[in-house]
Amino acid sequence: MGKRNMDALSEEEKRLFPLKTVTSVVSLFESILKRTTEPDLALLSIIVGCIENTLTCNQQILSGAKSTVLTTTVDETSEKPLAIPPVRKEDDFPEIEWPIVEALYVKFRAVIKSSVDVTQYGCPEFATRELVKRVSDVIWNTLTRSYYKDRAHLQSLYSYLTGNKLDCFGVALAVVAGCQVLGFNDVHLALSEDHAWVIFGLEGKETAEVTWHGKGNEDKRGQPVDAGIQARSWLYVSGNPVICSRFTEVASLVSSINPSITATTDSLEVASMQQSLLWVLYDTGHLTRYPMALGNLADLEELSPTPGRCHCGQLFSQAIEVARRCYGNSHVYPYTYQGGYFYRNRMYKEALESWANAADAIRSYNYSREDEEIYKEFLEIANELIPFVMKVEGSGHSARSILKDSECFAHLLRFYDGICQWEEGSCTPVLHIGWAKPLVNTISKFDSQVRRHVVISCSEVAEEDTPVTKPPAKEQEKEERLVDSHVGDKTADQKAWLGSTVLAALTDLCGRTVLSPAFFLGPDTKTGSYTQAIHSLNISGTAASTDSPVKIVNKPKLYLRSHKMAGLKDLLLSEKLNTHAISLQLTAQSQVQLGGRKLRGEEAKDAKQEGRDANLSRPKRTRKE
């Protein structure tokens, strides 16, 4: 355990103060990130938090008053009003003086060091669970007695030191920063998509909860996160969180910056600072394993592209590639980020595919009440965004409408298939009538010929409606994607597939019921041999298939994995939709849910040995409407 240097900044870095432009902040971060020593999380969190809160929470500053007052606590017992000079035209924000930052930094170190006596724990080389819990207690007990789940600008140590308020992420960051003050550099953040905990120990194998989640009424601090991983909760991403280094933790505090002033207004200066700092971290390689930060950078680039930088679409794709390569496709938000981008740019077919991919990622989890954020995300997609797309596309008669594209229909089914499988084995149902009505309305927009063009297959287990375990996320991508539309040279097998009889040729070409040979051969066809008729159809069929390969050769293929969607297969492909039956099937509690959570692995083996049903672990809790 080494001692931290009290001199947090070099003399050259101190000369960058007062900070009053985005460029000066970027220069400070670049200097700190180039060091051979680890960056100080507390210091950097105070700096960016001070700028963010100054520009978003102090409305008198934004109004251009001649003098504004920023109240900050410089010691533990008194508050001193500090006058901030007006913003000059050449500056981006009011001057941030080093004495203010230093006073807050000294205060944080004093709080931690005065409250945690390392000698009581035997001065260990690496952090212990008891020591991590003690640091967490210090932060926890100095907060106000309220939980701020959806409040903005509470994620930095500046908010903690000036108002004793922190959100879920802020508490976790404060604990890691506190351990760093004590010299325990083995304590690092582990980030899921809506939660944070810490890892520690010799090889970073130990985990501990240090913060709250949701309404904060369940305090799990100090406990390992194994229970959440075993419950297959999205909140713990199947044990595939972003394991942070000290530099990735800097990226996390930058990514958590919130430029919003109101629900509809953002601070351009704060957004510009965040965007510039993310590019600094991108260039230094600290975002290569951080999908959420890449998605945030892509969103900022969409709003204000940086000259000479890659297009935001490439960043969205890069975030997805990282999620697949590094985290076993356990992360959902990279797909919803990309889907939102496509939706905003009216690329509706691509948006449907991204949302279906998001559902593929969520299908490996069991839904629980802690997954509220991702539930709301999918609910918005299903009940607001997709119906709006259908409304826009259904208002015209364009031949290129997605309502005439069978691949779009397949994407839609894959989206709902993922949601249904997410529900299977969960203690709380996901789908209710509020989900069923938009689905039925959306499906009815597609013509029966478009729907029947999709080749749907189901596992035998799903069709028999018997319980199955959910496959790992890595194995799901093999058969559930749509086939690519590529057409090559005709082989003997492909020609045979096109058919050598009148019936095969007609059904493969037209995809509809055969009415009569005369209808397709035309009125000018003279009476001839039956062999000539077959020959003419096969020749014309081969030529036509080359001109329109997507419609003929490469029918979209879809593999349904959920029991509910497998049960809907015939209803979805019927010429006339039975909307009432579809609604009933979609909202019914499937057989695998009646007993609640499915037992998996060793639990299932033990149940079989004891003669118990592996599906009857505990009764289901119904959703409150």
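## Cavities

A cavity is defined on a 1 Å grid over the protein atoms alone, as a set of points where a 1.4 Å probe fits but cannot get out; its lining residues have an atom within 4 Å of a point. Grid points are joined across faces, edges and corners, and a volume is the space filled by probe spheres set on the points. In general, rolling a probe the size of a water molecule over the atoms shows where empty space is left.

The whole structure holds two cavities of 30 Å³ or more.

## Basis of the model

The model is predicted: local features need pLDDT of at least 70, side-chain atom pairs count only at pLDDT 80 or more, and totals for chains, interfaces and linings use all residues. Residues are numbered from 1 along each chain as its sequence is written, and side-chain values use heavy atoms, with hydrogens and water left out.

## Overall architecture

The protein chain contains 30 helices and eight strands. Of the contacts in the chain with a separation of 6 or more, 69% join residues 24 or more positions apart; a contact means heavy atoms within 4.5 Å.

The chain has 625 residues, and 52% of them are buried. Buried means under 20% relative accessible area, exposed means over 50%, and partly exposed lies in between, with a 1.4 Å probe and protein chains only. The accessible surface of the chain comes to about 29000 Å², and carbon and sulfur atoms account for 51% of this surface. Such areas come from the Shrake-Rupley method with a 1.4 Å probe, and for residues only the protein chains shown count as cover.

## Nonpolar cores

A nonpolar core is a set of buried Ala, Val, Leu, Ile, Met, Phe, Trp, Tyr and Cys residues joined through side-chain atoms within 4.5 Å. In the largest one, which has 160 residues, the members touching the most others are Phe 108, Phe 378, Phe 415 and Trp 422. The partners of Phe 415, not counting residues up to four places away in sequence, are Trp 355, Ala 356, Ala 359, Phe 378, Ile 381, Ala 382 and Ile 386. A second, separate core has six residues, among them Ala 190, Trp 197, Ile 199 and Tyr 236.

## Local features

The peptide bond from Phe 17 to Pro 18 is cis, with omega near 0 degrees. Pro 18 belongs to the loop between α1 (11-14) and α2 (22-33).

Although His 153 is not a glycine, it has a positive phi of about 70 degrees. His 153 sits in the loop between α6 (129-141) and α7 (157-163), and it counts as buried because its relative accessibility is 7%. Asn 164, also not a glycine, has a positive phi of about 55 degrees. Asn 164 lies in the loop between α7 and α8 (168-181), and its relative accessible area of 31% makes it partly exposed.

Asp 137 is placed in helix α6 and is buried, at 16% relative accessibility. Its C-alpha atom is separated by 8.5 Å from that of Arg 221, which is 84 residues away along the chain.

Notes. Helices (H or I, at least four residues) and strands (E, at least two) are DSSP runs, numbered from the N terminus. On a 1 Å grid over the protein atoms alone, a cavity is a set of points where a 1.4 Å probe fits but cannot get out, and a pocket is an open set with protein on both sides within 12 Å along at least five of seven lines; lining residues have an atom within 4 Å of a point.
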